[in-house]
Amino acid sequence: MKKERLAGILCHPTSFPSAFGIGDIGDVAFDFLSVLAENHIRLWQILPLGPTGYGDSPYASRSTFAGNELLISIKSLYLSGYLELEDILSVGEDNSERVDYGKAKEMKMPLLRRAAVNFLKSDGENKDYRKFLEKNSWWLDDYALFQVLSDKFNDTRWFLKWPEALKRREESALRKAFEENAKEVEIWKVMQYFFFSQWAKLRSHANSLGISIIGDIPIFVAADSADAWTNTRLLMFSPDLKQEKSSGVPPDAFSPTGQLWGNPTYRWKEHEKDRYSWWIKRLSQAFLLTDIVRIDHFRGFDAAWEVPFGEETAENGKWVKGPGDKLFRRFREVFGEDLDIIAEDLGVITPSVEKLRDENGFPGMKILEFSFSFKEDGSFDASNAYLPHNVDYNSVIYTGTHDNDTLCGWYDSLDDGYKDIVRRYFEAPDDQIPWKMIRSALLSRAKYAIFPMQDILMLPSSARMNIPATCGTSNWSWKMKKEDIHSRNFLHLSYLMKLSGRY
């Protein structure tokens, strides 16, 4: 059987141009898919779709099951009759060059709430909405109440600021909270209905064009999330609801004190007791939204770096064993043998992690920006696993990811000696290196070749999506210009794809 080799673009919907401060899943997203299809690009990779919290990182969502309300298309709600033109005109426009999450919330949330109220007045009893509520009540009820209470107490940190009875989810307190806030809870549910309805149409359109969507789920959940509030038994929280352990990675050559992420780690024995039912639900939701799922920090299933809560760095942690193949055997029981999962296997990977990845048949990730290394004697290491000539078929090759510098920015930052090695490898002058790297990735044997949109546009460091272990307004805020959707660079990419047999 012929081994299919495809190419794709990494671009989160927040990066689409929009007049509301943040990209959405409306007409520009459909236009983007048309451009991909016209150029025979059959993969679209996104970041996690959940509603973001403090810092606006999609990897620190308020819910692993919900959709980000800010991605809802206001225009689509207007065309559906839930908003008037005056409603939209009253908030003006924000065509700023970068995503401003605060401004986007200020502009969009009142419109989304108004649309939800109008929906409940006109269509609140329609069958599709009632079916959505019934099908999703297992997570939607708690999520909607979590958002209402977060607004009420002006804090998502339920474990610090909420009344004790609500922290502990005492039945009488929850019942009272639902009763007292019934209208607000319903509004949040309607907004989720809007998101899932719009996303279902977008995904269906992508699939009709022959495009598969690659989704993304972080291995951990945020402490200040509905997930943590409703599942403390499964996480490293003490009986008095204090976080005991935090996730991260140990010190290495790039970070002398390691990285402290802060997410609570898992009590895997508790997950095993109910046959990993929470993870089954989580993966089910991911496949409901996307065709292929990338799991961030895959190595954490083998072993995770746990740091006592309260530490200021990740130095004083230890490796704690994860569920290993027990979890993936359970996945295969539920989802079948062919799991469309990509393992994010970057960083220091042990043989046991490689075994877990390979025995499950998951493609790993190969990053071109990491492919140039040197031996102890200072000579070029041609055996680097990320070099295109070493990449095997069951891999996903990237120029870079959302956590890397742009390709142009990366090359510009290299010293002269390093640049010389790169030039020699690709046999190209400086101004041709980025496209030569894209060409080389396409020519590799890798099953998938994925390129951040910034690299197709040949953008500098200022366009990078995220700088890991930092907080700042530039993170997660890159946004395309209107003309970027139809960049002529897609034609060159398509030409290279044809040469490399990727369509």
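**Positive phi and burial**

Analyst: Trp-476 is buried, at 5% relative accessibility. Buried means under 20% relative accessible area, exposed over 50%, partly exposed in between (1.4 Å probe, protein chains only). This is a predicted model: local features need pLDDT of at least 70, side-chain atom pairs count only at pLDDT 80 or more, and totals for chains, interfaces and linings use all residues. Numbering starts from 1 along each chain as its sequence is written, and side-chain values use heavy atoms, without hydrogens and water.

User: What is the phi of Trp-476?

Analyst: Most residues other than glycine have a negative phi. Trp-476 has a positive one, about 65°, and is not a glycine. Trp-476 sits in the loop between helix H18 (453-456) and helix H19 (489-499). Helices (H or I, at least four residues) and strands (E, at least two) are DSSP runs, numbered from the N terminus.

User: Is Arg-275 buried, exposed or partly exposed?

Analyst: Arg-275 is partly exposed, with 45% relative accessible area. Its phi is also positive, near 60°. Arg-275 belongs to the loop between helix H11 (268-273) and helix H12 (277-289).

User: Which residues of strand S10 are buried on each side?

Analyst: On one side, Gly-364 and Lys-366. On the other, Met-365 and Ile-367.

User: How many bridges join S10 to S11?

Analyst: Two strands pair if DSSP finds at least two bridges between them. Here 4 bridges join S10 to S11 (residues 395-398), and the strands run parallel. Ile-367 stands opposite Tyr-398 in S11.
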